[in-house]
Amino acid sequence: MAKIVLSELNVYPIKSAAGISLQTAEVEWKGLRGDRRWMLVDDHNQFITQRTIPQMALIAVAMDAEQLLISAPGMEPLAVPYHLDGIELEVEVWGDRCRAISAGNTAQEWFSQFLGMSCQLVYLPDDSVRPVDPDYAVDHSRDQVSFADAFPFLLISEASLHDLNHRLDTPIPMNRFRPNLVVQGCDPFAEDRWRKIRIGSVVFHVVKSCSRCVIPTIEQTTAVKSQEPLKTLATYRLQNGKIMFGQNLLQANLGTLAVGDEIEIID
């Protein structure tokens, strides 16, 4: 039997901006360290994403020891320190209201200029807890999420993407789906049948299929939208009116993940 291994580890420091591929990553209770801890909000403190502002895909992010390093076409680079002492405000993401910290006026002006709308960057501090949907929580006292849509981890297999690409006229890369964890060595959509897995030393509960929004139709290097891959996925991945691709996970313990880690299917 083929060995199933972790082939990619990705974090997306700013919700809906470009991601970063890592070789190792720390698992924290909110998800991978640094994943979606920053978010853009409008003047009503409502979250904004590529769903309405595809140009967000062109915002590139790097991380060094002290700060986020942010760049975008036509803009001077922006540095945002990890430790913020800015104004606290209540922000909303998918109906959840949580306490965040503003990254300040310089960042506000930078993002507002690039996106052509008034917005500001906010950070989710460690002590601001956003619980996961209680219908899917395994430990109601602990399970939480960052500014990610609903769960701390999204897993997709390479085989599932290959299956999709065989059906498309123009293949697409995995980054259209913005997973944290990519695995290789299993059959297409094998992840749909998993309930509990171990990656390295970390155990995960596979709690819910991921219903897809329009973001996979946005080419991440150009911010150009099309009909695919949702048009094709709708022909064979439709469940209760929603297109499903990938699995949402909750971690059962903390630890370190590394590309190449073997994956054990526990249940």
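**Entry: R36 and its partner.** I looked up R36 and found a relative accessibility of 9%, so R36 counts as buried. The model is a predicted one. R36 forms a salt bridge with D35, and the closest N and O atoms are 3.0 Å apart. D35 is buried too, with a relative accessible area of 2%.

Entry: I then counted salt bridges and got 17. E28 and R37 form one of these, with 3.8 Å between the closest N and O atoms.

R97 and E92 were next on my list, and their side chains meet in a salt bridge at 2.5 Å, N to O. Here R97 is partly exposed at 46% relative accessibility. E92 has a relative accessible area of 17%, and the cut-off for buried is under 20%, so E92 counts as buried.

**Entry: the sheet around E28.** I followed E28 into its strand pairing and found that its bridge partner in β4 is G31. Strand β3 (residues 24-28) and β4 run antiparallel and are joined by 2 bridges. I wrote down the whole sheet as well: 3 strands in the order β4-β3-β18, open, with antiparallel pairing. Which strands stand at the edges? They are β4 (31-32) and β18 (255-258); each has a single partner strand, so one side of each is left without a neighbour in the sheet.

**Entry: the largest nonpolar core.** Next I looked at how the nonpolar residues gather. In soluble globular proteins, nonpolar side chains tend to be buried together. The largest nonpolar core here has 27 residues, and I70, V80, F111 and L121 touch the most other members. Two or more residues come from each of β5 (38-41), β7 (67-71), β8 (78-81), α1 (105-115) and β11 (120-123). With 5 residues, α1 gives the most to this core. I also found another core lying apart from this one, with 23 residues, among them V11, F153, V202 and I263.

**Entry: F111.** I wanted to see what surrounds F111. Leaving aside neighbours within four places in sequence, F111 is in contact with I14, L40, I59, I70, L78, M117, C119 and L121. Its relative accessible area is 0%, so F111 is buried. The ring of F111 pairs with that of W110: the centres are 4.8 Å apart and the planes stand at 70°, so the pair is edge-to-face. W110 counts as buried as well, at 8% relative accessibility.

Entry: Are the faces of β11 covered or open? I found both covered: Q120 and V122 on one side, and L121 and Y123 on the other, are all buried. In a regular strand the side chains alternate between the two faces of the sheet. β5 and β11 run antiparallel, joined by 4 bridges, and L40 stands opposite L121. Strand β10 (residues 96-102) also pairs with β11 in the antiparallel sense, over 2 bridges. There S102 has V122 as its bridge partner.

**Entry: rings elsewhere.** A search of the whole structure gave me 10 aromatic pairs. Ring pairs link F177, F189, Y236 and F245 into a cluster. I noticed charges over two of these rings. R167 lies over the face of Y236, at 3.6 Å from the ring centre, and the charged end of R237 sits over the ring of F189, 3.9 Å from its centre.

**Entry: helix α2.** I listed the buried residues of helix α2 (residues 158-167): A159, S160, L161, D163, L164 and N165. These pack against β12 (153-157), α3 and β17 (242-251).

**Entry: P216.** Is P216 buried or exposed? At 1% relative accessibility, P216 counts as buried. Beyond its neighbours within four places in sequence, P216 is in contact with R176, F177, E228, P229 and L230. I also noted N175: its C-alpha atom and that of P216 are separated by 8.3 Å, with the two residues 41 apart along the chain.

Key. Residues numbered from 1 in each chain as written. Predicted model: local features only at pLDDT ≥ 70, side-chain atom pairs only at ≥ 80, totals over all residues. Heavy atoms only, no water. Buried < 20%, exposed > 50% of the residue type's maximum accessible area, 1.4 Å probe, protein only. Contact = heavy atoms within 4.5 Å. Core = buried A, V, L, I, M, F, W, Y, C linked by side-chain atoms within 4.5 Å. Pairing = 2+ DSSP bridges. Phe/Tyr/Trp six-rings, centres within 6.5 Å; stacked < 30°, edge-to-face > 60°. Lys NZ or Arg CZ within 6 Å of the ring centre and 35° of its normal. Salt bridge = Lys/Arg side-chain N within 4 Å of Asp/Glu carboxyl O.
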